[in-house]
Amino acid sequence: MFKSKLKNAVDSVKGGEAVILMGFDGIPVDLYDAGTQLDIETVGMEFSVVLKEVRKAADMLDSGQANEMTVRTDTMSAVLRVVNDSYFLAMAVSPEGNVGKAKYVLRVLGPDLNEDLI
């Protein structure tokens, strides 16, 4: 159900490697991998913990909800975007990829997937 939308998201980003729609409980809903060696499920699970903590910190600071987070490493950038209180998207982008486009694509895709999840 979600696979074609996730594939389109990855394919539209230069350097897009994989994307996952995952619950904050760490359970994947669906994913698309463009054939990389990256384990996007593990990326999603590990960074979901960090994203939950960032959301708690933003709440404690009364700064509004944290909706997006980017983590840049030597081998990839991970862009995480909240879909709703239960789900988020995580996209892996190669070091030379277009992280700004990944952020845009996830911002647009999130509400579309949210409608499908309801």
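Rings of Phe, Tyr and Trp, the last taken by its six-membered ring, count as a pair if their centres lie within 6.5 Å. In this predicted model, the structure holds one aromatic pair. Its members are F24 and F88. F24 sits in the loop between β1 and β2 (28-33), while F88 belongs to strand β5, so the pair ties together parts that are 64 residues apart in sequence. Both F24 and F88 are buried.

Nonpolar cores were examined next. The largest has 19 residues. Within this core, L6, V19, L89, M91 and L113 have the most contacts. Two or more residues each come from α1 (3-11), β1 (16-23), β5 (87-93) and α3 (99-117). Helix α3 gives the largest share, six residues. L113 is in contact with F2, K5, L6, L21, V83 and L89, leaving aside its neighbours within four places in sequence. A second core is separate and has 17 residues. Its members include A18, F24, I40 and M69.

An acidic residue, D30, was also considered. D30 is placed in strand β2. Its relative accessible area is 16%, under the 20% cut-off, so D30 is buried. A polar atom of the D30 side chain lies 3.2 Å from the backbone nitrogen of K3. Not counting residues up to four places away in sequence, D30 touches M1, F2, K3, L6, I20 and L21. Among these contacts of D30 is L6, one of the residues with the most contacts inside the largest core.

Notes: Residues are numbered from 1 along each chain as its sequence is written. This is a predicted model: local features need pLDDT of at least 70, side-chain atom pairs count only at pLDDT 80 or more; totals for chains, interfaces and linings use all residues. Side-chain values use heavy atoms; hydrogens and water are left out. A nonpolar core is a set of buried Ala, Val, Leu, Ile, Met, Phe, Trp, Tyr and Cys residues joined through side-chain atoms within 4.5 Å. Buried means under 20% relative accessible area, exposed over 50%, partly exposed in between (1.4 Å probe, protein chains only). Helices (H or I, at least four residues) and strands (E, at least two) are DSSP runs, numbered from the N terminus. Contact means heavy atoms within 4.5 Å. Rings of Phe, Tyr and Trp (its six-membered ring) pair if their centres lie within 6.5 Å; planes under 30 degrees apart count as stacked, over 60 as edge-to-face and the rest as tilted. A polar contact is a pair of N or O atoms within 3.5 Å; within protein, one must be able to donate a hydrogen and the other to accept it, and residues adjacent in sequence count only if both atoms are side-chain atoms.
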